[in-house]
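Welcome, and thanks for taking a look at this one. Here is a short briefing to read alongside the structure.

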Amino acid sequence: MNHASKYLYYNRPATKWNEALPLGNGRLGAMLFGGIDVARIDFNLDTLWSGEGRNKSNPSDKKDWNAIRTAILEEDYKAAEKSLQENILGDWSEAYLPLATLTLERREERFREDLEGYSRGLDLTQSLYKETYIEEGISYEQEAFCSIEDKVFVLKLKASKTVLNLKLKLKSPLKGIVEGEKQHTLMLTGHAPTYVAPNYYQCEDPVVYKEGKGIAYAMGLRVQTTGLVHIEEDTIHIVDADEIVLISTATSDFEQEIGYNPASVVAEQLENISHMPYETLRERHIEAYQHYFNAMQLELGEAKTDRTTDERLRLFEEEGCKDTALITLLFNYGRYLMISSSMPGTLAANLQGIWNSEVRPPWSSNYTLNINTQMNYWPAETTNLSECHIPLIELIKKLSKMGQKAAKELYGLDGWVSHHNTDPWGMATPVGHYEQNCPPVCYAFWPMSSGWLCRHLWEHYVFNQDETFLKEEAFPIIKEAVRFYLGYLVPYQDYYVTIPSTSPENTFKDAKGHTYAATIASTMDIAILKELFETYEKICTLLNERDELLEEVKVAKEKLPPYLIGKHGQLQEWLMDFEESDQHHRHVSHLYGLYPGDQITPDHTPELAKACEVTLERRGDAGTGWSLAWKINLWARLKKGERALDCIKKQLTYIGMDGINMGGGGTYANLLCAHPPFQIDGNFGFTSGVCELLMQSHTDVIELLPALPKDWSHGRVKGLKARGGYTLDFKWQNHKVVQVTVRSLKEGSCTLRINGELHTLQCQAGTTTIINL
């Protein structure tokens, strides 16, 4: 029997990557396939990327913004987009790369006639992989983890008799070299390619290596065992053991000082860690991991089951979507993945977190800034994982510095800007110059990500109330983003607008029925700027700053166009009421003001909220995995719990196929989000959406159960965070909250809406208040 909401369980080994189980500590990632005769583990390192941070900007000296704007104002969209691609858009971002594959092979053939109870699983409460079976009366056990505390991967194999005879073979899909060393160790070393083309870009040399160039990396694997060991080149042979412990770590010279030797660092790390007993490493890891995971708990119809996780997923819809514990499991999995892929001191979680097996992964497994990277961090604050937000904040700091150069060279403006993609070096220029398959402007020209990313800085402050962070780290970055956008806005009729402007990855039909992307003032542009300017004003008030931009910001904010309702009753996506080229497009960018923003709410702007609802109905519930996740959050903000639950159910659709599909997302057997292909943003967006159904704090009132689905009649949550520095525990029965505990970081007044009634608390810093209802 397995805990249905905290354990992934399978009765056969994985046969493909989307069935393998992920481990990670923010720096190292591992995908474990399991297996009896042959087992496979794929490894990743967060800093292993192609390239060296070279300049990707378009070298054209024909950056004529006046001509581009004139073309758009004259509705010559074709000429504007041609100029944007030829003179503005630049080269691709770098790609996130796989590190190595370890295979564990038995040294003799075995018959499967006497195999009992094969099981593999992932314990989310401890971040432990477990695998067991019995063969010919001999029990075999395997346990593995990526240590949060000691930054190493550890695997232990144990048999009830001295029968373990293994070959451990380490290989890299890159041009790495594996050599055997003393102390029962294999060492992989190499340099990453200096260029990797996106998998959708056809060129003669898609993967380029240059001698001595590219990121240098190393991975070490050490064996501790009761058996005999000998090494041949890239293989460790183990004979007659009853216990084997493997310890592995890796590093690269990304952003290290000159002379940094990854192999020497890895060797030293392995040497320092090798004296620790397995149990000590295990205990240290679990304690460090549970500091994060146990900070929040959720119960929605807890249960136990003998069914495997993939079977539960396959039967979820067929059996009426009644396995509520599967929803809780996917919620917990999102928090697990965040802890595993985004720790202080590591890089931010990319498009696939930290797990990738392809040298040319989908969309380069980069940071995609028009929704995906931001969605990765939607649940960071609400689910009590604020520390996991720090890697994104560090990326924003880096991006803001590179963005100053982009603003000056590309636009001739002060401040900083970023676009659709970035990578670990903080690339701030737009991609798409070399696009071969479709007009690139619809996705590539989008200078609004810097504004959206500033929201994450503000949210980190609002949840944690750290005024030092706000003053010294967040405000300078937000101010310089504001400075850029003040320069980018231009007068149009009675407004200040963005020209050229796009609505991410979507296109419209002009009066002649032709399809274009570049126009005037997309709704998302205006929503981001309204929010950014308002945030800037709030910070100035909080910090008592009489900033030189303040008056200009106040004027610009008032001159931004209003939200508009179109001919179908929908929230318009552009300033003009264009028809979408694809009514069911996966992006719903124009609803930014509803979520993640807070400018549109059913209580304060009911007409706009209704227009958002019409928009969602027109778009439909079909979409990629992350699109479904966004819609969960949007329906929750509209307080439509049943419609949000419809999207939750669709996200729990089993996906067995590989390849790319823009129309129908779901979940793979290992519960990773299926775009398809795999993208981790849908997992994080799902977890965020569940939080929004249970509690919302984006207005002056913290509302409990604002959009509770009927099926969730009983439940309990502990450690859910609200804006303003509050952490709440509460439980409900028959759809009514019966008890609430509020913990406050600061002194002040806190207003809650509970069961439709307002309750105002006077809180003291560090105090706890309990309300029984």
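Two strands count as paired if DSSP finds at least two bridges between them. With that in mind, Asp42 has Thr101 in β6 as its bridge partner. Please keep in mind that this is a predicted model.

**The open sheet**
- Seven strands make up an open sheet with antiparallel pairing, in the order β3-β4-β5-β6-β11-β18-β17.
- Strands β3 and β17 (228-232) lie at the edges with a single partner strand each, so one side of each has no neighbour in the sheet.
- On average, neighbouring strands of this sheet are turned by 20 degrees against each other, direction ignored.
- Within the sheet, β5 (residues 38-45) and β6 (residues 100-106) are joined by six bridges and pair in the antiparallel sense.

**The β3-β4 hairpin**
- Strands β3 and β4 form a hairpin with three residues between them.
- In that turn, Gly26 has a positive phi of about 90 degrees.
- The antiparallel strands β3 and β4 (residues 28-34) are linked by four bridges, and Pro22 stands opposite Met31 in β4.
- In a regular strand, side chains alternate between the two faces of the sheet.
- In β3 (residues 21-24), Leu21 and Leu23 point one way while Pro22 and Gly24 point the other way, and all are buried.

**Helix α6**
- Helix α6 (residues 324-341) has 18 residues and spans 26 Å from its first C-alpha to its last, close to the 26 Å expected at 1.5 Å a residue.
- Is α6 mostly enclosed or open, and why? Because 18 of its 18 residues are buried, α6 is largely enclosed by the rest of the structure.

Definitions and conventions: Residues numbered from 1 in each chain as written. Predicted model: local features only at pLDDT ≥ 70, side-chain atom pairs only at ≥ 80, totals over all residues. Heavy atoms only, no water. Helix = DSSP H or I, 4+ residues; strand = E, 2+ residues; numbered from the N terminus. Expected span 1.5 Å × (residues − 1). Buried < 20%, exposed > 50% of the residue type's maximum accessible area, 1.4 Å probe, protein only. Axes fitted to C-alpha atoms, helices over the stretch in contact; angles between N-to-C directions.
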